[in-house]
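Subject: Structure handover

Hello,

Here is the structure for you to look through. Please open it first, then read the notes below it.

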Amino acid sequence: MKMFCVRKNMRNGIIAIIANQGNVRIFQTMTEDIMKYPCKAYTIDSRLPRTCVSNSMEKWNQKENQFCDVRSKILSNTVVSRHHMTPEIALHLITPECAIYHQPIGPDFPFNNDPFWGFFWPGGQALTRFILDYKDRFRGKSILDLGCGCGASTVAALQVQASHVIANDIDPDALQATLLNVEINGVMNGRMLSLNDSNFVGRDSGVIDCDVILIGDMFYDKDIAADLHPWMQRLARHGKEIFVGDPGRHGITETGVLREMEHMVQYKLPNNVCLENNGFSHVNVWQFWVNQ
């Protein structure tokens, strides 16, 4: 007989299902990895000792409380905005009307890391607009949103019916912001969305299980370009489609990466985005290719 225990946090709508289905491996995965993001279905083996289950549920409760705290901070320090290139997507963003926008990083700052996820950067805006404008390129494909930040491109990929999206960012707070933005846009689907806080740059192509890779605003200097470029070359040789969004930072314009990219589209940035990004007036999307 299968027994189910449904846990629901009314504050944020997260649901976890604990099911007795006789699978120790899934239980172990829950305790080691998936439990980072309590929005999945978990399975507990009936043969496990009661104390083992109890200890794991205690850890799960601690994680849940931590994420609820982060989500609460995000909600209280952002506003829902559509003042960007993709107004069909609502985003929790840090704008000039937010107190945190003017607050220096210090002991009283609400987040442990710089909240880069609170801003919709130009390259991300371009990639998100590109996904919405060219739906057929992405429909039915598995997508890695590298350095997803606020998760706008993840939302767009889910909206155009990508088969699966991995939202990836090394800042766990960005993944919680992404979840909030997925939820507010009504595209939450646990079977189509995964969250990952690993650093994928430099990893073997066999580890990168997707058809398409989105790279927005990551070419911010020559050093990161030196890491990204050879990695992208290896991925492209293994058949990955790679799209880059950037307004023209040094990592793009002063390295050799442009020689291996096909320009797809240029967008004019809204005035408010220009002011917030050192006067850049346009942003581009390229597709990365490599000579075989």
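How many residues does α6 have, and how far does α6 reach from its first C-alpha to its last? α6 has 16 residues and reaches 23 Å, close to the 22 Å expected at 1.5 Å a residue. The expected span of a helix is 1.5 Å times one less than its number of residues. Helices (H or I, at least four residues) and strands (E, at least two) are DSSP runs, numbered from the N terminus.

Some ground rules come next. This is a predicted model, in which local features need pLDDT of at least 70 and side-chain atom pairs count only at pLDDT 80 or more, while totals for chains, interfaces and linings use all residues. Residues are numbered from 1 along each chain as its sequence is written, and side-chain values use heavy atoms, with hydrogens and water left out.

**The sheet**

An open sheet of seven strands has the order β8-β7-β6-β9-β10-β12-β11, with mixed pairing. Two strands pair if DSSP finds at least two bridges between them. At the edges are β8 (193–196) and β11 (261–268), and each of these pairs on one side only. Direction ignored, neighbouring strands of this sheet are turned by 20 degrees against each other on average. Axes are lines fitted to C-alpha atoms, for helices over the stretch in contact, and angles run from 0 to 180 degrees between N-to-C directions.

β10 and β12 run antiparallel and are joined by five bridges. W286 in β12 is the bridge partner of V244.

α4 touches β6, β7, β8 and β9, and its direction makes about 175 degrees with that of β7. Contact here means heavy atoms within 4.5 Å. Helix α5 (residues 172–184) touches β7 and β8, and its direction makes about 160 degrees with that of β8.

The 13 residues of α5 should span 18 Å at 1.5 Å a residue, and its end C-alpha atoms are 19 Å apart, which agrees. α5 is mostly covered, with ten of its 13 residues buried. Buried means under 20% relative accessible area, exposed means over 50%, and partly exposed lies in between (1.4 Å probe, protein chains only). Among the buried residues of α5 are D173, L175, L179 and V182.

What caps the N-terminal end of α5? D171 does, with a side-chain oxygen 3.0 Å from the backbone nitrogen of D173. After α5 comes G186, whose phi is positive, near 70 degrees.

α6 also has a cap at its N-terminal end: a side-chain oxygen of D221 lies 3.1 Å from the backbone nitrogen of D223. The buried residues in α6 include I224, L228, W231 and L235. Those buried residues are covered by elements including β6 (142–146), β9, β10 (241–246), α7 (250–253) and β12 (282–288). Just after α6, G239 takes a positive phi of about 90 degrees.

**Loop residues**

D217 sits in the loop between β9 (212–216) and α6 (222–237). Is D217 buried or exposed? D217 counts as buried because its relative accessibility is 12%. Its phi is positive, about 60 degrees, although D217 is not a glycine. The side chain of D217 reaches the backbone nitrogen of G124 at 2.7 Å, and it makes a polar contact with the side chain of R249 at 3.0 Å. A polar contact is a pair of N or O atoms within 3.5 Å; within protein, one must be able to donate a hydrogen and the other to accept it, and residues adjacent in sequence count only if both atoms are side-chain atoms. Not counting residues up to four places away in sequence, D217 touches residues including W121, P122, D246 and P247.

Q161 is found in the loop between α4 (152–159) and β7 (164–168). Q161 is not a glycine, yet has a positive phi of about 70 degrees. At 52% relative accessibility, Q161 counts as exposed.

N77 lies in the loop between α2 (50–76) and β4 (79–81). With 17% relative accessibility, N77 counts as buried. The side chains of N77 and S76 are joined by a polar contact of 3.4 Å. Leaving aside neighbours within four places in sequence, N77 is in contact with I94, C98, I100, P110 and F111.

**Cysteines**

C98 is buried, with a relative accessible area of 6%, and C210 is buried at 5%. The structure holds zero disulfides, a disulfide being a pair of cysteine sulfur atoms within 2.5 Å.

Regards
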